[in-house]
Amino acid sequence: MREIFLALIAGIIVGAVFKVVRLPLPAPPVFAGIVGIVGVWLGGTAVSAMMEKIFG
């Protein structure tokens, strides 16, 4: 839970700094970003499971 809270705080700070400096936010559109994050998680989980099956 602590990691989630720290990630949220870091994201808020980065978003605020980018807005103050008038730069575009360093994030993809909301839905595409969520799908990308889920894809990264699924890929990592799949590789872990395959490696466990092959080597462990």
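Tutor: A residue is buried under 20% relative accessible area, exposed over 50% and partly exposed in between, with a 1.4 Å probe and protein chains only. This is a predicted model: local features need pLDDT of at least 70, side-chain atom pairs count only at pLDDT 80 or more, and totals for chains, interfaces and linings use all residues. Residues are numbered from 1 along each chain as its sequence is written, and side-chain values use heavy atoms, with hydrogens and water left out.

Student: Why is Pro-24 called exposed?

Tutor: Pro-24 has 64% relative accessibility, so it counts as exposed. Pro-24 sits in the loop between H1 and H2, and its C-alpha is 22 Å from that of Leu-6, 18 residues away in sequence.

Student: Why does Gly-43 count as partly exposed?

Tutor: Its relative accessibility is 34%, and therefore Gly-43 is classed as partly exposed. Gly-43 belongs to helix H2 (residues 30-55). Between the C-alpha atoms of Gly-43 and Met-1 there are 23 Å, at 42 residues apart along the chain.

Student: How many of the residues of the chain count as buried?

Tutor: Of the 56 residues, 4%. The chain exposes about 5200 Å², with 78% supplied by carbon and sulfur atoms; areas come from the Shrake-Rupley method with a 1.4 Å probe, and for residues only the protein chains shown count as cover.

Student: What secondary structure does the chain have?

Tutor: Two helices and zero strands. Both terms stand for DSSP runs numbered from the N terminus: H or I of at least four residues for helices, E of at least two for strands.

Student: What span is expected of helix H1, and what does it reach?

Tutor: The rule is 1.5 Å times one less than the number of residues. For the 19 residues of H1 (residues 2-20), 27 Å is expected, and H1 reaches 27 Å from first C-alpha to last. After H1 comes Arg-22, with a positive phi near 65°.

Student: How does the radius of gyration of the chain stand against a compact globule?

Tutor: The radius is taken over C-alpha atoms, and the globule rule is 2.2 Å times the number of residues to the power 0.38. A compact globule of 56 residues would have a value near 10 Å, but the chain has 16 Å. The C-alpha trace spans about 50 × 25 × 15 Å along its principal axes.

Student: What makes the lining of the largest pocket nonpolar, polar or charged?

Tutor: Ala, Val, Leu, Ile, Met, Phe, Trp, Tyr, Cys and Pro count as nonpolar, Asp, Glu, Lys and Arg as charged, and the others, Gly among them, as polar. The lining residues divide into six nonpolar, one polar and no charged.
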